[in-house]
Amino acid sequence: MTTAPLILTLKLDQESFDRFNALRQQYFPPERNLLSAHVTLFHALPGEQIFSIQETLKSVCSQTAPLPLYFPQLRFLGRGVAIEVDCPQLVQARQQLAKGWQPWLTPQDRQGYRPHLTIQNKVTATVARQFYEQLSRTWQASHGWGEGLLLWHYQGGPWQLAAEFLFNSTVL
């Protein structure tokens with residue numbers, strides 16, 4: 001059994017993923033860009049609890065309809081740029097999971113949750129500001145869907161998919 005941390009992300013619909021991943025591939029420093037575009041729910045869940053975590057995620061996803069997502073605006077991060085994700089249902093689902101996993105949460109995962117997709121990070125403030133201003137001029141809000149949850153093994157570099165849990169499209 002692995003003790004490497006687990007990361008939980010939202011599975012985006014293909015159109016949204018393709019759009020935001022293209023931006024990430026274009027603007028994230030290539031030497032640091034080891035991942036595709038993603039919306040992180042938890043950064044470090046305990047790997048030794050994988051079976052319990054998977055059972056919880058199966059249960060939650062079987063009772064959850066696909067989530068309507070709204071991408072209203074960009075967020076300047078100081079040394080990067082992110083796209084805000086507006087979805088009260090996602091925030092509520094994360095709060096419920098956090099409640100059950102409270103003893104396992106790191107300080108980072110105990111903080112307030114503001115979902116976003118980071119498309120640029122770890123650049124100078126000047127480069128980030130220029131990109132933010134450039135993209136803000138043409139940014140158009142859009143809608144998408146959260147289709148499920150993805151559980152990843154963190155291995156110091158690229159993540160390895162551990163499991164995928166789809167939301168239940170028959171839930172009203």
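How many disulfides does the structure hold? The structure holds 0, a disulfide being a pair of cysteine sulfur atoms within 2.5 Å.

## Basis

This is a predicted model, in which local features need pLDDT of at least 70 and side-chain atom pairs count only at pLDDT 80 or more, while totals for chains, interfaces and linings use all residues. Residues are numbered from 1 along each chain as its sequence is written, and side-chain values use heavy atoms, with hydrogens and water left out.

## Cysteines

The sulfur of cysteine 61 has its closest cysteine sulfur in cysteine 87, 13 Å away, which is too far for a bond. Cysteine 61 is buried, at 1% relative accessibility (buried: under 20% relative accessible area; exposed: over 50%; partly exposed: in between; 1.4 Å probe, protein chains only). Cysteine 87 is likewise buried, at 1%.

## Salt bridges

There are 3 salt bridges, each a side-chain nitrogen of Lys or Arg within 4 Å of a carboxyl oxygen of Asp or Glu. Lysine 11 pairs with glutamate 164, with 3.7 Å between the closest N and O atoms. This pair links distant parts of the chain, 153 residues apart: lysine 11 is in strand β1 (residues 6-12) and glutamate 164 in strand β8 (residues 160-166). Helices (H or I, at least four residues) and strands (E, at least two) are DSSP runs, numbered from the N terminus. Lysine 11 is partly exposed at 21%, and glutamate 164 is partly exposed at 40%.

Lysine 58 and glutamate 55 form a salt bridge at 3.2 Å, N to O. Both lie in helix α2 (residues 50-62), 3 residues apart, about one turn of the helix. Glutamate 84 bridges to arginine 75 at 3.4 Å between the closest N and O atoms, and both residues are buried.
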